[in-house]
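Have the viewer open as you read.

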Amino acid sequence: MHVNVAKEVAALEAITVAELRVRYAQVFGEETRVGNKPWLIKRVIWRLQALAEGDLSERARRRAAELAQDADLRLSPPRQKRTTPASVQKNGRARALANGHLPLPGTILTRWYKGQTLKVQVLGHGFEYAGQVHKSLSAVAKAITGSHTSGYLFFRRALAGRGGNA
């Protein structure tokens, strides 16, 4: 049996995902709940080619099984969790600090705005600007501009790098 791959791919691309699942069940002998159309097409085409041209030899299958038993199944090392002094807090600011959205406490953010240099200090529990402590960068930006604005966008230059001053 010869498989015309181009013809089969065109036919598979023309049908719906539900129909692809049915075709998958026909060629693999088991159902799938996958809804990713490109993946289903690739798998069905692969299986049709394997059936038409022959699959792995029994010797190759045994060797692959041996290698799989000896292999470390983890493909990438576990992610290192970033810890900051504020990461022990349970509020949103602590999560933002742990995720790297904000510089560490003690950093001074600077921003040139309407002819003056503004300086905001990052605290563990908020942001200090002009002697007042604000809960968020957006609150600082509102105090400066007089209207609601995103603190992240307002201090974009200062937040571009983890260092702060820009």
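What follows starts with confidence, then moves through a few helices, a strand and a loop.

This is a predicted model, so local features need pLDDT of at least 70, side-chain atom pairs count only at pLDDT 80 or more, and totals for chains, interfaces and linings use all residues. Residues are numbered from 1 along each chain as its sequence is written, and side-chain values use heavy atoms, with hydrogens and water left out.

First, how far does the predictor trust itself? pLDDT is its confidence in each residue, from 0 to 100. The protein chain averages 80, and 77% of the residues score at least 70. Helices here are DSSP runs of H or I with at least four residues, strands are runs of E with at least two, and both are numbered from the N terminus. Over residues 84-95 pLDDT stays under 50, and the model has 13 contacts (heavy atoms within 4.5 Å) beyond four places in sequence for them. Residues 161-166 also stay under 50, with 19 such contacts.

Now look at helix α3, residues 37-53. Several of its residues are buried, including L40, I41, V44 and L48. Buried means under 20% relative accessible area, exposed means over 50%, and partly exposed is in between, using a 1.4 Å probe and protein chains only. The buried residues of α3 pack against α1 (5-13) and α2 (17-28). After α3 comes G54, with a positive phi near 100 degrees.

Helix α4 (residues 58-70) holds R63 and E66, 3 residues apart, about one turn of the helix. Their side chains meet in a salt bridge at 3.2 Å, N to O. The rule asks for a side-chain nitrogen of Lys or Arg within 4 Å of a carboxyl oxygen of Asp or Glu, and by it the count comes to 1. R63 is partly exposed because its relative accessibility is 45%; E66, at 41%, is partly exposed too.

The R111 side chain does reach the backbone oxygen of F154, at 2.4 Å.

Finally, K135 sits in the loop between β4 (132-134) and α6 (137-145), and counts as exposed because its relative accessible area is 66%.

Definitions and conventions
Polar contact = N/O pair within 3.5 Å; in protein donor to acceptor, adjacent residues only side chain to side chain. pLDDT = per-residue confidence, 0-100.
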